[in-house]
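Reader: Got a model open here and want a quick tour. Can we start with how strands get paired, then move on to charges and helices?

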Amino acid sequence: MLSKREPATWQELQEMVAQVLIECGFATEVEKKIQSVRGEVEIDVYAEEKVFNRLNIILFECKYWKSKIPQNIIHGFRTVLSDIGANTGYIISSSGFQSGSFSASEQTNIKLRTWYEFQDEFEDMWLQKYFLLTLSEKLDPLFSYIEPLHLEPVWFKFLNQEEKIKYDNTYKKYFDFGNYIFMFSKWHHLTGFDKEKLELPITTQLHRQKVDTHNLHIPVDILEENSYREFLERVLIYGEKAISEFRLFRDIGLARKEEHH
């Protein structure tokens, strides 16, 4: 599951759809006004992507209704797609679709999706284009501190004995977390994306590998999170906290190194 969060309004549905698309690398606009052959139309979410220098235009109609979407909405949206020359159109519904809507969308370039079905369709792209890249970008400093061989940084020798002990304790505190996230993110960049290696919650995968999670220094809320966006948010918060703690020692060591010279 990409995210457990549900939109609470029509505007929020638009914004959440657009957020996923932007993170997937699409050029995206919300409530974009376009001049068509029949006059000006407003598109809830407009997205573009270039594939081998060919431009694909995708339109999204967001319906935050209490009732299921009838087929006349599909007919009207098909006309808009044709007039604008879009490649694909999505109707995202908070309440599903009437059976006639599915019949009306057959043999067309219109896809009917609920909010969760939309997320499922773009999940793999989001994981590759945003999730893994964000992990590496934001937590790369942590990986330099969490060396499997516990290689001491050049400034370490400038810490006093008490500071060195505290640094070692910080290393032990974050090693399991940093090492797991490091291996996970780097593995996917080197080997390519494999959804089977990205199973959440991570306790499922660790138990399969016969790892005793009770002895791991990884917060329970990270171990047990089962949606990707919330997992990423929890990991970044905890990881950035770890980086700030390590940097306290780094700054002390570097300052003393400068004084020494």
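Author: A definition to begin with: two strands pair if DSSP finds at least two bridges between them. With that in hand, V30 stands opposite V45 in β2. Keep in mind that this is a predicted model.

Reader: Which way do β1 and β2 pair, and over how many bridges?

Author: Antiparallel, over nine bridges. The two strands form a hairpin, with two residues between them.

Reader: What is the bridge partner of K32 in β2?

Author: That is I43.

Reader: Next strand along. How many bridges join β2 to β3?

Author: Seven. β2 covers residues 39–51 and β3 covers residues 54–63, and they run antiparallel. Y46 stands opposite L59 in β3. A47 has I58 as its bridge partner in β3.

Reader: What about the turn between β2 and β3?

Author: Another hairpin, with two residues between the strands. F52 sits in that turn and has a positive phi of about 50°.

Reader: Zoom out. What is the strand order in the sheet?

Author: β1-β2-β3-β4-β5. The sheet is open, has five strands and shows mixed pairing. β1 (27–36) and β5 (110–114) are at the edges. Each has a single partner strand, so one side of each is left without a neighbour in the sheet.

Reader: How far are neighbouring strands turned against each other?

Author: By 35° on average, direction ignored.

Reader: And where do side chains point along a strand?

Author: In a regular strand they alternate between the two faces of the sheet.

Reader: Switching to charges. How many salt bridges does a search of the whole structure find?

Author: It finds 16. One of them joins the side chains of K4 and E225, at 3.0 Å from N to O. This pair links distant parts of the chain, 221 residues apart. K4 is in the segment before α1 (10–23), while E225 is in the loop between α7 (220–223) and α8 (228–260).

Reader: Is E225 buried or exposed?

Author: Buried, with a relative accessible area of 3%. K4 is partly exposed, at 39% relative accessibility. The cut-offs: buried means under 20% and exposed over 50%, with partly exposed in between.

Reader: Which residues are linked with K4 and E225 in a network of salt bridges?

Author: D221 and R234. The four residues are linked in that network.

Reader: Which residue does R229 form a salt bridge with?

Author: E23, with the closest N and O atoms 2.7 Å apart. R229 is in helix α8 and E23 in helix α1, and the two are 206 residues apart.

Reader: Why does R229 count as buried?

Author: Because its relative accessible area is 7%, and the cut-off for buried is under 20%. E23 is buried too, at 11%.

Reader: What about E245, which partner does that one have?

Author: E245 forms a salt bridge with K241, closest N and O atoms 2.8 Å apart. They are four residues apart in helix α8, so about one helical turn separates them. K241 is partly exposed, with a relative accessible area of 38%.

Reader: Helices now. At what angle do α4 and α8 pack?

Author: About 15°, with their axes 8 Å apart. α4 spans residues 115–145. The two helices are therefore roughly parallel to each other. α4 passes α8 in a left-handed crossing.

Reader: How do the residues of that α4 and α8 contact divide?

Author: Into 17 nonpolar, two polar and six charged.

Reader: And α1 against α4, what is the angle there?

Author: They cross at roughly 30°, and their axes come within 8 Å. That makes α1 roughly parallel to α4. The crossing of α1 and α4 is left-handed.

Reader: Last one. Where is Y64?

Author: In the loop between β3 and α2 (71–84). Y64 is partly exposed, at 35% relative accessibility.

Reader: How far apart are Y64 and S101 in space?

Author: 16 Å, C-alpha to C-alpha. In sequence, Y64 and S101 are 37 residues apart.

Definitions and conventions:
Residues are numbered from 1 along each chain as its sequence is written. This is a predicted model: local features need pLDDT of at least 70, side-chain atom pairs count only at pLDDT 80 or more; totals for chains, interfaces and linings use all residues. Side-chain values use heavy atoms; hydrogens and water are left out. Axes are lines fitted to C-alpha atoms, for helices over the stretch in contact, and angles run from 0 to 180 degrees between N-to-C directions. Buried means under 20% relative accessible area, exposed over 50%, partly exposed in between (1.4 Å probe, protein chains only). Angles under 35 degrees count as roughly parallel, over 145 as roughly antiparallel, 65 to 115 as roughly perpendicular and the rest as oblique. A crossing is left-handed if the near helix is turned anticlockwise from the far one by less than a right angle, and right-handed if clockwise. Ala, Val, Leu, Ile, Met, Phe, Trp, Tyr, Cys and Pro count as nonpolar, Asp, Glu, Lys and Arg as charged, and the others, Gly among them, as polar.
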